[in-house]
Structures are given as C-alpha cells and as structure tokens.
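Hi,

Here is the structure I promised to pass on. Have a look at it, and then read on for what turned up.

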Amino acid sequence: MLDYDLHCHSNISDGILTPTALVERAALRGVKMLALTDHDDMHGLDEARSAALQYGMRFINGVEISVTWRKHTLHIVGLNIDPAFPALQAGLEKVRSGRGIRAQKMADELAKIGIGGVFQGALKLASNPNMIGRTHFARYLVEAGYCKDVKSVFNRYLAMGKPGYVPHQWADLSGAISWIKGSGGVVVLAHPGRYMVGRHGMGKQTMHQLLCEFANMGGQALEVVTGSHTAEQYAEFARYAEEFNLLCSCGSDFHGPNESYRDLGRLPDLPLICRPVWELWDKTIAGESGQTFRG
Ligand code: AMP
Ligand code: MN
Ligand code: MN
Ligand code: MN
C-alpha cells in the first residue's frame, strides 16, 4: 500500500473539505506525502501546506488544469509547481473566467426541462464562486431531490450528451503543459482511463495519438493508480507509460467523504514496471520508504 496521495480536492474547487480539514483527514489515514490538486485554482495551497507542516507530512503543490483536446475534455495535473509563476497564475485565471457564464448556460438548459433555480442553488454550494462547476450542480440536484447521488446526476443530466451539458473551451494542451513546466512542475495526464468511457469516449487509437502528442509536447507522467481506474487499468496504463517512456503517478482524486471512488491515501502500489513520478523531485524517498517500486 502507498502512503503517497498526489491528487485530491478541497473546497477551493469542487471538494467538500477545507484545505486544513483535508490535510487532517489525510494525516489520520496515514498519508506521508500529499499533493492538493484543486481544479484550475491554487488558492488552497498555502493553507494546506501550513496544515501539513503541523502533521509532519510532505506537501507537494499541485493543480489540475481543465484542457480541451480535439473534442475531449482532459485533466492535466501539475505537481511540484511554483504557484507564484506568473504565466501559470494568468493561465488559470483565464480558465476560471469562463465558469460563471458556463454555469448560467447549464442552468438555462436545465430550466428548459423544468428544473429551475439551479444556478443560485449550485452557487450557494460553491465555497469559491469563481470555481462553480458541475459537481456543485450535482450536489444541489441531489439536495433538491432530483437524484439519489452525485453520480446519478451526472449520468442523467450533466455528462456529455445529457440535457444540462454545455460544451466549453478550456485551456489548450500545449498551454497547460507550458505553464506547469515553466513553473518548474511535473506534467501528469490525470485518470486517462476516464477518457475512454462511454459513447463519447475515445477509442484505443485516439488514446495512442493523445499519448504520442502528450509525450512529444513535454508531458512527463501518467496517473496509473487513481480512484477511477480498475486493477486492469493500472496494468494497462503502466504498459502505456513504459511504451511512451513516461513516469507513473498515483492519487485518490478524493472530493469528499461518502462521495468519491476512494478515500484519501491507502492506495494500491504502482505496478512493478512503473517508475514513480516522485523520483523527479526527491530521488531518495523511494529508497527510504523501504518499498520497492521498480521491477
Ligand atoms: P467541471 O470541471 O465543472 O466540468 O466538473 C468536472 C468534475 O465533475 C470532475 O472533476 C469530477 O469531480 C466531476 N465528475 C465528472 N464526471 C463525473 C461522474 N460521471 N460522476 C461523478 N462526478 C463526475
Ligand atoms: Mn472534480
Ligand atoms: Mn479530473
Ligand atoms: Mn481531480
């Protein structure tokens, strides 16, 4: 089991816990190295870092950037970034700036099918109004009794092809990569298996093209162990990482108690063929932990 968790969310984006409460929960669950990776926003990092210090936990600055590649929305995680890097700050500000209008459009679409008041309802649940997103809509629709849980709301109303879905142009892949690398961070393709799910998901050939482009543009790692991958997908993406000479990352993608695929930490080990991403910022740690990650 791994005591590193390099992907999770606070209420600065669409998580439920404050950065401090998130770090406390991670500490209680034995996490030794944590990256906070809020969507498109770095304002939780200082608070999380101070809390991590109290628990003697290693803290890694992170972010998860929303990207549009062809017709697909991708998530690019930046790890060990410098949040003071101006191009990263400016890029994220631009990505965030479209969220309010998008949310209004989503609410208009839902109103057309008789579901009213969703914008105000979702906004109340967004601790950071600049980061209003589909998860806040989903939580509101559960609260208002439309569905039993967040997952069902996505399946019925918010996923691509459903009545509340509004297409949106996020950052370019090359832009997101350059902001992260420019800040000294490591570029990770988050939960790749998710892009292959469903009728609108990409097939194997497109995934192959994506990985080629990602690696050529300077992408450095794949998230192999994540809350939304099956054990078969750990193996599948570990092989892709080897093929494209990419490092491997792991993270729960925790958003809140009783809501996410996985709770914080206690993730299964990376497959033996993986080279772990943290080698890049701390060559000694993999050896010190007493675990063997290499085949
Ligand atoms: P947004 O950036 O506003 O499009 O929201 C994306 C977020 O919605 C993701 O980061 C997930 O937290 C959540 N999400 C996306 N798809 C699903 C799903 N099928 N079930 C539950 N949550 C989802
Ligand atoms: Mn999310
Ligand atoms: Mn994501
Ligand atoms: Mn995430």
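**Pockets and metal sites**

The second largest pocket has a lining made up of Gly91, Lys94, Val95, Ser97, Gly98, His168, Gln169, Trp170, Ala171, Asp172 and Trp179. Keep in mind that this is a predicted model. Helix H3 (residues 86-97) is the main contributor to that lining, with 4 residues. By type, the lining of the second largest pocket splits into 4 nonpolar, 5 polar and 2 charged residues, and the pocket holds about 180 Å³ of space.

Now for the largest pocket, which has a volume of about 1,500 Å³. It is lined by 49 residues, and the closest to its centre are Arg134, Phe154, Ala159, Arg194 and Tyr261. Strand S3 (58-69), strand S4 (72-79), helix H4 (99-112), helix H6 (134-143) and helix H7 (150-158) are the elements that give two or more residues to this lining. In the largest pocket, the lining has 12 nonpolar, 24 polar and 13 charged residues. Where does the largest pocket lie relative to the domains? Domain 1 (4-96 + 172-285) and domain 2 (99-158) both give residues to its lining, so it lies between them.

The manganese ion (ligand 3) is 5.5 Å from the manganese ion (ligand 2). What coordinates the manganese ion (ligand 3)? Its donors come from Glu64 (OE), His75 (ND1) and His191 (NE2), at 2.1 to 2.2 Å, and they follow the spacing E-x10-H-x115-H along the chain. Glu64 in strand S3 and His75 in strand S4 are 11 residues apart, a pair that links distant parts of the chain. Glu64 has a relative accessible area of 0% and is buried. His75 also counts as buried, because its relative accessibility is 16% and the cut-off is under 20%.

Cheers

Note on methods: Residues are numbered from 1 along each chain as its sequence is written. Chains are lettered from A and ligands numbered from 1 in the order in which they are written. This is a predicted model: local features need pLDDT of at least 70, side-chain atom pairs count only at pLDDT 80 or more; totals for chains, interfaces and linings use all residues. Side-chain values use heavy atoms; hydrogens and water are left out. On a 1 Å grid over the protein atoms alone, a cavity is a set of points where a 1.4 Å probe fits but cannot get out, and a pocket is an open set with protein on both sides within 12 Å along at least five of seven lines; lining residues have an atom within 4 Å of a point. Grid points are joined across faces, edges and corners, and a volume is the space filled by probe spheres set on the points. Ala, Val, Leu, Ile, Met, Phe, Trp, Tyr, Cys and Pro count as nonpolar, Asp, Glu, Lys and Arg as charged, and the others, Gly among them, as polar. Domain bounds come from an automatic or database domain assignment. Donors are N, O and S atoms within 2.8 Å of the metal (3.2 Å for Na, K and Ca); water is not among the atoms, so sites may look incomplete. Buried means under 20% relative accessible area, exposed over 50%, partly exposed in between (1.4 Å probe, protein chains only).
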